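Subject: Structure handover and findings

Hello,

Here is the structure I promised to pass on. Please open it first, then read the notes below.

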Amino acid sequence: MGCGSSQAASGSANGGLSSFPTIQSKHSLVAKHVTKEKWDKLHEHSTATSGFTLAKAIACAVEFDNQHCGIYAGDWDSYKDFAEVFDPLIQEYHGISADAKHTSDMDFSKITGNVNPEAPVHSTRIRVGRSIDGFGLSPGITREQRVGVEKLFSSASKKFEGELAGTYYPLTGMEESVRQLLVDDHFLFVSGDRNLTVAGMERDWPEGRGIFHN
């Protein structure tokens, strides 16, 4: 994690700060829900999947003064192991009750369009994020896990057929002209975002990253 302050850097080096950190984003949900009592109870714990800690989860709220939420989950375990922080924070952010249940309906026939056919829509983008059981999420995933996900997807994508068929382009070894073209066409993300860096998402860049295009 590329943290600028010595306090946050200490947290990234040893997996967690020992003392209750100074949360710079004083009006964030982290400042409200990460109390000293909860910190003392949870800060020494590391998740089983990726060794994620509460200090890593709240690094952006500690480093910056402009966060609204200021927290990232490093793996599925984070939501369970640090539930005393994540549960009330998520409930407040989304305006849901503690007993709310997530429902999934993949029946696309229920989707009805309401876009005016006369509207000057030139393009649209749908962004979907999915996680894979046994692997960490972007802020916490280990180098080995990230490379493993890339190999898994690269192998699986070769079996796509018909309109799903395409090509996976790994960033490692990609020609600069190709990379710049994908960036210019808004298909490829660029590195350097301070929030992503502090949250741990740019570790080992660009290894294990790529883009599938069809």
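A cut-off to start with: buried means under 20% relative accessible area, exposed means over 50%, and partly exposed is in between. D204 has 33% relative accessibility, so D204 counts as partly exposed. The other burial calls below follow the same definition. Please bear in mind that this is a predicted model.

Overall layout

The protein chain has 10 helices and two strands. Along the sequence the order is α-α-α-α-α-α-α-α-β-α-α-β. The C-alpha trace spans about 55 × 40 × 35 Å along its principal axes. Of the 214 residues in the chain, 33% are buried. The accessible surface is about 14,100 Å². Carbon and sulfur atoms account for 52% of that surface. Take the contacts between residues at least 6 apart in sequence: 67% of them join residues at least 24 apart.

The core

The largest nonpolar core holds 20 residues. Which of them touch the most other members? They are V30, V34, W39, L54, I58, I71 and V85. Five helices each supply at least two residues of this core: α2 (29-33), α3 (36-42), α4 (54-57), α5 (59-63) and α7 (83-94). V34 is worth a click. Leaving aside residues up to four places away in sequence, V34 touches F20, I23, W39, L54, I58 and V85. As a general point, nonpolar side chains in soluble globular proteins tend to be buried together.

The aromatic cluster

The whole structure contains six aromatic pairs. In one of them, the ring centres of F153 and F160 are 6.3 Å apart and the planes meet at 75 degrees, so this pair is edge-to-face. F160 also pairs with F212, again edge-to-face. Here the centres are 5.5 Å apart, with 85 degrees between the planes. This second pair links distant parts of the chain. F160 is in the loop between α8 and β1 (167-170), whereas F212 is in strand β2 (residues 210-213). The two are 52 residues apart.

F153, F160, Y168 and F212 make up one aromatic cluster. F153 sits in helix α8 (residues 143-157). F153 has 32% relative accessibility, so F153 is partly exposed. F160, with a relative accessible area of 30%, is partly exposed. F212, at 24%, is partly exposed too.

S157 is also in helix α8. S157 is a contrast in burial: its relative accessibility is 4%, so S157 counts as buried. S157 touches Y168 and F212, not counting residues up to four places away in sequence.

Now the surface side. F153, F160 and L164 form a nonpolar surface patch. Together they have about 260 Å² of accessible area. F153 and F160 therefore belong both to this patch and to an edge-to-face pair.

Salt bridges

Side chains of opposite charge can pair when their charged atoms come close. There are eight salt bridges in the structure.

The side chains of E92 and K32 meet at 3.0 Å, N to O. That bridge joins helix α7, through E92, to helix α2, through K32. The partners are 60 residues apart. E92 is partly exposed, at 37% relative accessibility.

E207 bridges to R143, with the closest N and O atoms 2.6 Å apart. E207 is in the loop between α10 (194-198) and β2, and R143 is in helix α8. They are 64 residues apart.

D204 and R146 form a bridge at 3.3 Å, N to O. D204 lies in the loop between α10 and β2, while R146 lies in helix α8. The separation is 58 residues. This is where the opening cut-off comes in. D204, at 33%, falls in the partly exposed range. R146 has a relative accessible area of 7%, so R146 is buried.

Best wishes

Terms used: Residues are numbered from 1 along each chain as its sequence is written. This is a predicted model: local features need pLDDT of at least 70, side-chain atom pairs count only at pLDDT 80 or more; totals for chains, interfaces and linings use all residues. Side-chain values use heavy atoms; hydrogens and water are left out. A nonpolar core is a set of buried Ala, Val, Leu, Ile, Met, Phe, Trp, Tyr and Cys residues joined through side-chain atoms within 4.5 Å. Buried means under 20% relative accessible area, exposed over 50%, partly exposed in between (1.4 Å probe, protein chains only). Helices (H or I, at least four residues) and strands (E, at least two) are DSSP runs, numbered from the N terminus. Contact means heavy atoms within 4.5 Å. Patches are made of residues with over 30% relative accessible area and no salt bridge: like charges are joined within 9 Å, nonpolar side chains (Val, Leu, Ile, Met, Phe, Trp, Tyr) within 5 Å. Accessible areas come from the Shrake-Rupley method with a 1.4 Å probe; for residues, only the protein chains shown count as cover. A salt bridge is a side-chain nitrogen of Lys or Arg within 4 Å of a carboxyl oxygen of Asp or Glu. Rings of Phe, Tyr and Trp (its six-membered ring) pair if their centres lie within 6.5 Å; planes under 30 degrees apart count as stacked, over 60 as edge-to-face and the rest as tilted.
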